[in-house]
Amino acid sequence: MTVLDALAAPFGRVLSRRSVAGDLLRRVRHRLAHDGPNRPIEAVIDAFGATHPRARFVQVGSNDGVRFDPICRQVRSRPWTGVMIEPIPYLFDRLVQNFGPSRRLKLMNVAVSDHAGTQPLY
């Protein structure tokens with residue numbers, strides 16, 4: 001039994017052949033069979049992108065938007081719209097260099113907190 005089978009087992013009928021979730025799971029299994037187990041997160045996101053080509057997203061901690069970013073390929077190749085948040089100034093500068101001005105993307109150099117104001121970021 002694969003990890004995906006173990007995760008899918010509790011959902012029973014929800015993952016039937018005709019459901020969106022079932023279709024997504026089949027796409028992930030196909031992707032893993034071809035890309036190998038070293039890229040499971042990208043396989044899930046690629047399958048999601050195939051079923052939701054106009055997705056909207058919020059990415060907190062975007063880094064530079066490229067390195068170690070599992071959604072980069074989808075953001076660049078599909079008409080996804082979203083908000084990319086990066087609080088660290090030099091990483092935000094790289095994010096702006098990588099994605100520049102865009103009508104689809106809002107880049108924000110802020111941190112997410114439960115209160116307004118400033119505080120040290122470690």
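## Order of the elements

From the N terminus on, the elements of the protein chain follow the order α-α-α-β-α-β-α-β. The secondary structure thus comprises five helices and three strands; helices (H or I, at least four residues) and strands (E, at least two) are DSSP runs, numbered from the N terminus.

The model is predicted: local features need pLDDT of at least 70, side-chain atom pairs count only at pLDDT 80 or more, and totals for chains, interfaces and linings use all residues. Residues are numbered from 1 along each chain as its sequence is written, and side-chain values use heavy atoms, with hydrogens and water left out.

## The chain as a whole

The protein chain has 122 residues, and 29% of them are buried. Here buried means under 20% relative accessible area, exposed means over 50%, and partly exposed lies in between (1.4 Å probe, protein chains only).

Contact means heavy atoms within 4.5 Å. Among contacts in the protein chain between residues at least 6 apart in sequence, 52% join residues at least 24 apart.

## Helix H3

Helix H3 covers residues 40-51, and its 12 residues should span 16 Å at 1.5 Å a residue; the end C-alpha atoms are 17 Å apart, which agrees. The expected span of a helix is 1.5 Å times one less than its number of residues.

Within H3, the residues Ala43, Ile45, Asp46, Ala47 and Gly49 are buried. Phe48, by contrast, counts as partly exposed because its relative accessibility is 31%.

Gln74 belongs to helix H4, which covers residues 72-77. Its relative accessibility is 3%, so Gln74 counts as buried. Apart from neighbours within four places in sequence, Gln74 is in contact with Ile45, Asp46, Gly49 and Trp80.

Arg78 is located in the loop between H4 and S2. With 24% relative accessibility, Arg78 counts as partly exposed. Residues up to four places away in sequence aside, Arg78 touches Asp46, Gly49, Ala50, Pro53 and Arg104. Arg78 and Arg54 are 24 residues apart in sequence, while their C-alpha atoms are 7.0 Å apart in space.

## Aromatic pairs

The whole structure contains two aromatic pairs. Rings of Phe, Tyr and Trp (its six-membered ring) pair if their centres lie within 6.5 Å; planes under 30 degrees apart count as stacked, over 60 as edge-to-face and the rest as tilted. Phe48 and Trp80 form an edge-to-face pair, because their ring centres are 6.1 Å apart and their planes stand at 85°. This pair links distant parts of the chain, with Phe48 in helix H3 and Trp80 in the loop between H4 and strand S2 (81-85), 32 residues apart.

Trp80 counts as buried, at 3% relative accessibility. Phe57 and Trp80 have ring centres 6.1 Å apart and planes at 50°, so this pair is tilted. Phe57 lies in strand S1 (residues 56-60) and Trp80 in the loop between H4 and S2, so that distant parts of the chain, 23 residues apart, are linked. Both Phe57 and Trp80 are buried. Phe48, Phe57 and Trp80 together form one aromatic cluster.

## The loop between S1 and H4

Ser62 lies in the loop between S1 and H4, and its relative accessible area of 2% makes it buried. Leaving aside neighbours within four places in sequence, Ser62 is in contact with Asp69, Met84, Ile85, Glu86 and Leu95.

Asn63 is also placed in the loop between S1 and H4. Phi of Asn63 is near 55°, a positive value in a residue other than glycine. Asn63 is partly exposed, with a relative accessible area of 26%. Phe68 is found in the loop between S1 and H4 as well; although it is not a glycine, Phe68 has a positive phi of about 55°. Phe68 is exposed, with a relative accessible area of 73%.

## The second largest pocket

The second largest pocket holds about 200 Å³ of space. On a 1 Å grid over the protein atoms alone, a pocket is an open set of points with protein on both sides within 12 Å along at least five of seven lines, and lining residues have an atom within 4 Å of a point. Grid points are joined across faces, edges and corners, and a volume is the space filled by probe spheres set on the points.

The residues that line this pocket include Pro87, Ala111, Val112, Ser113, His115 and Leu121. The lining divides into six nonpolar, five polar and no charged residues. Ala, Val, Leu, Ile, Met, Phe, Trp, Tyr, Cys and Pro count as nonpolar, Asp, Glu, Lys and Arg as charged, and the others, Gly among them, as polar.

Conventions:
1 Å grid on protein atoms, 1.4 Å probe; cavity = no way out; pocket = protein on both sides within 12 Å on 5 of 7 lines; lining within 4 Å.
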